[in-house]
Amino acid sequence: GRIRYSDRLDAHVETQTYGEIAVVSDLEPSTADVELPVQYEMPYGRDYKLVAYTVFYKTTNANAFITQSWLLGRNFSTGANATLANDGGTDRKSTSYASYTVTPATPVQISSTNMLTNLQLRLTLNVPGTVTIYGARLRLQSTP
């Protein structure tokens, strides 16, 4: 995963056991955007539709949480970037292992020109506070 900052260093990523990442606040308060790459261009040589994505996470306490998530993509014919699906800005604050699934109103076509690029999570982090991301799952449906 990659972490982006607006204009200052507010948080850092710690890689944990078995591939999960913990995003830890360095300053209070802070906001951080974490980007997880999910590149699919015609998986297995076939067109697909994205029907949902799921994020697995846990927070240490009420000081840290996921405020929004987006699945981003790009059209390689036009060069345009696009938000393919988002959760509408719902705060995710579970302190036990949890997940949430986002289902776009219309399945998103993935083809040789339209592809997924990354899952972006916006986090609110207050000291002390950590958000751990355990993984993300994309649910794809083959199109004939």
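Which residue is the bridge partner of Leu71 in β7? In this predicted model, the bridge partner that Leu71 finds in β7 is Ala85, and the legends below take up that pairing and its surroundings in turn.

**View 1. The whole chain is built from strands, without helices.** The protein chain of this predicted model has eleven strands and zero helices, so that reading along the sequence gives the pattern β-β-β-β-β-β-β-β-β-β-β. Of its 144 residues, 44% count as buried, and the accessible surface comes to about 7,600 Å², with 47% of that area belonging to carbon and sulfur atoms. Among the contacts with a separation of 6 or more, 77% are made by residues 24 or more positions apart.

**View 2. Strand β6 pairs with β10 and with β7.** Strands β6 and β10 run antiparallel and are joined by eleven bridges; among the facing residues, Ala64 has Leu125 of β10 as its bridge partner, and Phe65 stands opposite Thr124 in β10. Strands β6 and β7 (residues 81–86) also run antiparallel, in this case with five bridges between them, one of which is formed by Leu71 with Ala85. The hairpin of β6 and β7 has five residues between the strands, and Gly79 takes a positive phi near 80° in this hairpin. Because eleven of the twelve residues of β6 are buried, this strand is largely enclosed by the rest of the structure; ten of the twelve residues of β10 are buried, so β10 is likewise largely enclosed by the rest of the structure.

**View 3. Leu71 belongs to the largest nonpolar core.** This core holds 25 residues, and the members that touch the most other members are Ile66, Leu71, Leu121 and Leu123. The elements that give two or more residues to the core are β4, β5 (48–59), β6 (64–75), β8, β9 (108–110), β10 and β11 (130–142). In soluble globular proteins, nonpolar side chains tend to be buried together. When residues up to four places away in sequence are left out, the contacts of Leu71 include Leu50, Tyr53, Ala82, Thr83 and Leu84, as well as Ala85, its bridge partner in β7. Leu71 also touches Val38, Leu116, Asn118, Leu119 and Leu138.

**View 4. Val38 lies in strand β4.** With a relative accessible area of 14%, Val38 is buried, because residues under 20% are counted in that class. Not counting residues up to four places away in sequence, Val38 touches Leu71, Leu116, Thr117, Asn118, Leu119 and Leu138. Val38 and Arg137 are 99 residues apart in sequence, whereas their C-alpha atoms are 9.6 Å apart in space.

**View 5. Asp33 and Arg122 meet in a salt bridge.** The side chains of Asp33 and Arg122 come to 2.7 Å, N to O, in one of the two salt bridges that the structure holds. The pair links distant parts of the chain, with Asp33 in strand β4 (residues 30–40) and Arg122 in strand β10 (residues 114–125), 89 residues apart. Asp33 counts as buried at 8% relative accessibility, while Arg122, with a relative accessible area of 28%, is partly exposed.

**View 6. Arg92 and Asp87 also meet in a salt bridge.** The N to O distance between the side chains of Arg92 and Asp87 is 3.6 Å, and the pair meets the criterion because that distance is within 4 Å. Arg92 counts as buried at 16% relative accessibility, and Asp87, with a relative accessible area of 10%, is buried too.

View 7. The mean pLDDT of the protein chain is 80, and 76% of its residues reach 70 or more. Where pLDDT is low, the predicted coordinates should not be read in detail.

Conventions:
Residues numbered from 1 in each chain as written. Heavy atoms only, no water. Buried < 20%, exposed > 50% of the residue type's maximum accessible area, 1.4 Å probe, protein only. pLDDT = per-residue confidence, 0-100. Contact = heavy atoms within 4.5 Å. Core = buried A, V, L, I, M, F, W, Y, C linked by side-chain atoms within 4.5 Å. Areas by Shrake-Rupley, 256 points an atom, 1.4 Å probe, with all protein chains shown as cover. Pairing = 2+ DSSP bridges.
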